[in-house]
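Please read the following explanation alongside the sequence and the coordinates, moving from one residue or element to the next as the text does.

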Amino acid sequence: MRFHGFSKIAIVIAFSLGVISLPARADVLKIVVNDTIQPVEEEFIDHAIQEAKKSHSEALLIELNTPGGLGTSTNEIVQKVLGSPVPVIIFVTPSGSHAASAGFYILESADVAAMSPGTTTGSAHPVRGDGITMDPVLKEKWENDAAALIRSYVAKRGRNLEVAESAVRQSKSFSADEALAQHLIEYIAKDETDLLRQLDGKTIARFDGAKVTLHLAGKPVRELEMSLRERTLSWLLNPSLAALLFSIGLLALYAEFNHPGAVVPGVIGFIFVLLALFALHMLPVRYEALILLIGAFVMFGLEAKLHSHGALTAGGIAMMILGMLLLVNGPIPEMRVQLWAALAISIPLGLITVFLMSIAMRARRNKVTTGVPGLIGETGVVTVPLLPAGKVLLRGALWDAVAPVNVDIGQRIVVRGVHDLVLQVEPVSQPVAAGPAHA
């Protein structure tokens, strides 16, 4: 009997442990991509696909709103979506959103493509980020490569290949209604609930040819947020912020070089420059622009030293603005340093830098007024005749002094040197401009 009771307890415990060990089931996993397409969004989408697989989700819902982004990140995201073990639903929402440029490629790669009323997609022609006009041959190569990418999966998804290719070659854009009518998407839904209701019970063909029936109506939706690391990287990958961090970091390092041992400016400068370089490493950067930024600080230093009446300052500010505008070679305006940001950073930072450098230069030029070297050029009064040795009153204290000629009591002297705390002095025959008398 005891053994029988023990067996029941063991079975209950084993069953409980088995239930606990089963992976939690999130029926629909959702993420929101509301940014440019760059390495962080690529990592976030891959993270979501792996999480959907791990949690045995029915589907992964990606709510998309993007102006476009980097071609390399777009290609990686398309590959990850096509190879996802979990059906991927991409939904351009809410109204007013768009999946432009790189977003169009991503939308078309989904198992199910949907849009909300009032959204747009398309304008997927490949462009250079530097604004330089490509020669016809290179332009044709870029177009053919982009068109080949879209052809490689659009037809297999059962969508209109000809219309999709027109978005690449002719930069055509489509409203939600137009995209549905021309078979670029499968559904128009006002919101997430409406979309899942429409998809319930539908059978879709995966990219590998497998058939999957979706059961989504009324199922709970779990939103996956970015990790702290991904949020931090996303924050750092703002081109304007990266440029600001780099500029402030250079200024702080300059302050440390002018005041060795201050420590705090050096630490802040090192961290800021390191963060900026880390962010810029993940963005398409023109390294020539970094030279312009460094050159701007050289111009500010020359202004503080040469006093060009603002000419060097203006040149430095112009170099800094130009360097910032050219710094990130983004394919869309959102992935470049904005003009307002370049002006807002360059002008105040340039003026502050010149001001601080001027103070440092003046401090270096000023005569030392402390310690033994600070006594040179000071004047005092003889209290014990210099024959040639005696004593003088200087700065309220008596000093041993030696003069090349005899000097009587009460006469003024000027210090020409100091040796073993003995002043080398000369009599003052006329007012001395080197320093005030201290009697």
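S234 sits in helix α9, which covers residues 228-236, in what is a predicted model rather than an experimental one. Its relative accessibility is 19%, and because buried means under 20% relative accessible area, S234 counts as buried. Setting aside the residues within four places of it in sequence, S234 has contacts with D35, V40, E41 and M226.

V33 belongs to strand β1, which runs over residues 28-33, and with a relative accessible area of 1% V33 is buried. For the pair V33 and I45, the separation is 12 residues in sequence, while the C-alpha to C-alpha distance is 8.4 Å.

The bond from T93 to P94 is cis, with omega near -5°, and P94 is placed in the loop that links β3 (88-92) with β4 (98-100). The bond from L387 to P388 is likewise cis, here with omega near 0°, and P388 is found in the loop between β12 (379-384) and β13 (389-394).

Two serines come next, each with a positive phi. S101, although it is not a glycine, has a positive phi of about 50°, and it is located in the loop between β4 and α4, the latter spanning 102-108. The relative accessible area of S101 is 16%, and S101 is therefore buried under a cut-off of 20%. S171 is also a residue other than glycine with a positive phi, in this case near 55°, and it lies in the loop between α6 (161-169) and β7 (173-175). At 34% relative accessibility, S171 counts as partly exposed, whereas S101 is buried.

The crossing of α12 and α13 is left-handed, and the residues of the contact of α12 with α13 comprise 19 nonpolar, five polar and one charged.

How much confidence the predictor attaches to the model is a separate matter, and it should be kept in view when reading the coordinates. The average pLDDT of the protein is 83, and 87% of the residues score at least 70. Over residues 14-25, however, the pLDDT is below 50, and this stretch has six contacts in the model beyond near neighbours in sequence. For residues 430-439 the pLDDT also stays under 50, and there the model has 18 contacts beyond four places in sequence.

Methods: Residues numbered from 1 in each chain as written. Predicted model: local features only at pLDDT ≥ 70, side-chain atom pairs only at ≥ 80, totals over all residues. Heavy atoms only, no water. Left-handed = near helix turned anticlockwise from the far one by under 90°. Helix = DSSP H or I, 4+ residues; strand = E, 2+ residues; numbered from the N terminus. Nonpolar A, V, L, I, M, F, W, Y, C, P; charged D, E, K, R; others polar. pLDDT = per-residue confidence, 0-100. Contact = heavy atoms within 4.5 Å. Buried < 20%, exposed > 50% of the residue type's maximum accessible area, 1.4 Å probe, protein only.
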